[in-house]
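Here are my notes after a pass through this one. Have it open beside you while you read.

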Amino acid sequence: MQINRNRIEEIKKKIAREYPEFKDIEPRITEKDIGPQDEIFQKLDMGVPKQLRHIYRLKFTKVVEAKDSVSLDRILMVTLDENLEIIKIIESR
Amino acid sequence: MRMLILSGKKALQKQIGDIRPLEKSINEYIKSKNEFQALLCYYDMPGKYRLKRAKKQAEAIRDYVLQIERKIGEIDFLLLLGGDEVVPFFRLPNPCDDADEWVLSDSPYASRDENYTIPERVCARIPDGRSVSFMTRQLGKEKASYAKSFGLSAHVWLRASTEVYRAVGNPEDLKTSPPITSDEFKPGWLQHKDFLYFNVHGSRNSSSWYGQRGNEYPVAIQPANINEATGVVASEACYGAYIVDKTIDDAMSLTMLEQKEIIGFCGSTTIAYGPVQPPAGEADLLVKYFFEYVQQGLTLGESLRNAKLDFARKALRRHGFLDDDDQKTLLQFVLYGDPAIRGREGNKRSPNAD
């Protein structure tokens with residue numbers, strides 16, 4: 001499934017509603033195939049899933065100024081799975 | 001258990017001058033650690049194992065550790081003595097699309113293979129702080145028990161922070177910034193505590209950590225607010241453990257470690273991530289697991305190693321893979337201080353995470 005403009009707009013509205021400091025910021029969109037990561041699973045003694053995963057990332061960024069005039073990079077990242085469902089939203093600390 | 005204490009003699013001398021007081025403290029430290037077979041090696045000096053001396057490069061120093069391991073058997077604890085100028089951090093490719101050119105990391109020192117995200121041994125570092133007394137102090141610390149904790153969260157992350165802080169304290173006691181700012185911060189809040197938790201903003205260019213409410217970013221805490229602080233510190237602040245070219249007074253991590261009763265500092269060398277609300281992920285989850293293991297009575301070093309293993313397993317179970325920011329979280333979190341000290345009396349075993 002390809003990400004389309006409608007889905008991007010839906011996510012932007014959600015972000016504007018729930019994270020208003022990132023309102024009106026146009027996200028940078030990337031996508032990525034993720035292989036089975038066999039070595040990591042083996043190192044952790046876990047069974048290895050064989051499927052290839054595909055994720056999309058919407059990255060919202062801005063620079064803010066703290067009270068003491070120090071610049072802080074602010075990043076909010078939305079990760080979507082291959083069905084375009086949000087699997088996580090995280091922010092820079 | 002085996003512990004290797006590793007440093008570079010020439011670089012260390014350059015940083016702190018006369019290293020004899022430190023060597024004396026190391027000898028006393030080794031004698032006091034009855035449960036360890038501990039030894040001190042300088043990667044740049046001939047030693048009893050007749051290894052080729054290593055250059056002051058992270059890869060070469062890691063190879064040196066692996067060579068020692070082949071001579072004496074598996075090293076369970078690795079303690080690096082000195083900051084980046086003595087035992088360089090690895091500069092790993094940044095998995096995330098953010099402003100960090102590299103991820104400064106000690107993770108490769110904790111791994112026997114090339115998959116650095118998953119640690120196999122404990123690794124911690126005692127930064128030099130450009131002061132021999134700063135270093136010797138770290139080796140002689142003892143834990144007192146107070147049965148109290150302190151937590152400070154950016155206001156915007158209160159819900160997420162509550163889930164982490166619950167591991168060590170009463171969530172109702174968690175303070176937020178704002179309203180808390182460095183102007184009203186009371187040093188007494190950090191005194192007589194077992195755990196200090198910070199979920200705040202940080203910057204590579206500032207020694208302060210910041211709160212947030214909406215578009216308001218007050219200074220939440222700065223080094224001047226720290227006096228006679230105690231306990232185990234974990235900070236999720238971006239660059240909370242960044243110490244390259246920093247002095248004791250301009251890095252929160254070093255200011256914390258300068259305190260007589262701060263026994264360890266766990267933090268991130270680079271831009272860190274976390275959710276705004278539960279469930280815990282990224283830095284929140286790693287720190288939560290770290291606190292839980294310390295609470296169980298494991299050493300600080302084991303607690304961070306096990307936290308990373310549990311973190312990776314959790315991410316794999318949740319999504320089936322470690323994504324970019326999961327990997328960065330695993331690589332960027334480091335432990336400063338004595339890895340063999342315990343934050344709480346209790347379990348003296350050294351179980352692996354399960």
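**Notes on the model**

1. Let's begin with one pair: B:Leu81 stands opposite B:Ile126 in S6(B). Strands here are DSSP runs (E, at least two residues), as helices are (H or I, at least four), numbered from the N terminus, and two strands pair if DSSP finds at least two bridges between them. S3(B) and S6(B) run parallel, joined by 5 bridges. S3(B) is also parallel to strand S1 (residues 2-7) of chain B, with 4 bridges joining them; there, B:Met3 has B:Phe77 as its bridge partner in S3(B).

2. A word on ground rules before going further. This is a predicted model, in which local features need pLDDT of at least 70 and side-chain atom pairs count only at pLDDT 80 or more, while totals for chains, interfaces and linings use all residues. Residues are numbered from 1 along each chain as its sequence is written, chains are lettered from A and ligands numbered from 1 in the order in which they are written, and side-chain values use heavy atoms, with hydrogens and water left out.

3. Back to S3(B), where 5 of the 5 residues are buried, so the strand is largely enclosed by the rest of the structure. Buried means under 20% relative accessible area, against over 50% for exposed and partly exposed in between (1.4 Å probe, protein chains only). Which residues point which way? B:Phe77, B:Leu79 and B:Leu81 go one way from S3(B), B:Leu78 and B:Leu80 go the other way, and all are buried.

4. Helix H4 (residues 132-139) of chain B has its own set of buried residues: B:Phe134, B:Met135, B:Thr136, B:Gln138 and B:Leu139. What covers them? The cover includes strand S3 (77-81) and strand S6 (122-126), along with helices H1 (9-16), H2 (20-32) and H6 (252-258), in chain B.

5. Have a look at B:Tyr49 too, in the loop between strand S2 (37-42) and helix H3 (58-72) of chain B. Setting aside neighbours within four places in sequence, B:Tyr49 is in contact (heavy atoms within 4.5 Å) with B:Leu39, B:Lys71 and B:Ile72. B:Lys71 is 22 residues from B:Tyr49 in sequence, yet their C-alpha atoms are 7.3 Å apart.

6. Now the domains. Chain B is assigned domain 1 (2-139) and domain 2 (149-337), with bounds that come from an automatic or database domain assignment. The contact between the two takes 37 residues from domain 1 and 36 residues from domain 2. Their C-alpha centres lie 23 Å apart.

7. Where is the largest cavity? Both domains of chain B give residues to its lining, so it lies between them. About 140 Å³ of space lies in this cavity, and of its 15 lining residues the closest to the centre are B:Ala110, B:Cys123, B:Leu304, B:Lys308 and B:Phe333. S6, helix H8 (300-319) and strand S16 (333-337) of chain B each supply at least two lining residues, with H8(B) giving the most, 4 residues. By class the lining is 9 nonpolar, 2 polar and 4 charged. (Ala, Val, Leu, Ile, Met, Phe, Trp, Tyr, Cys and Pro count as nonpolar, Asp, Glu, Lys and Arg as charged, and the others, Gly among them, as polar.)

8. The whole structure has 4 cavities of 30 Å³ or more. A cavity is a set of points on a 1 Å grid over the protein atoms alone where a 1.4 Å probe fits but cannot get out, and lining residues have an atom within 4 Å of a point; the volume is the space filled by probe spheres set on the points, which are joined across faces, edges and corners. Of the 16 residues lining the second largest cavity, B:Ser203, B:Ser206, B:Trp209, B:Tyr239 and B:Met252 are the closest to its centre. That lining has 6 nonpolar, 7 polar and 3 charged residues.

9. One sheet takes in both chains: 5 strands form an open, antiparallel sheet in the order S1(A)-S2(A)-S3(A)-S4(A)-S15(B). Strand S1 (28-34) of chain A and strand S15 (273-274) of chain B stand at the edges with a single partner strand each, so one side of each is left without a neighbour in the sheet. Strand S4 (residues 86-92) of chain A pairs with S15(B) over 2 bridges, and A:Glu91 stands opposite B:Gly274.

Key. On a 1 Å grid over the protein atoms alone, a cavity is a set of points where a 1.4 Å probe fits but cannot get out, and a pocket is an open set with protein on both sides within 12 Å along at least five of seven lines; lining residues have an atom within 4 Å of a point.
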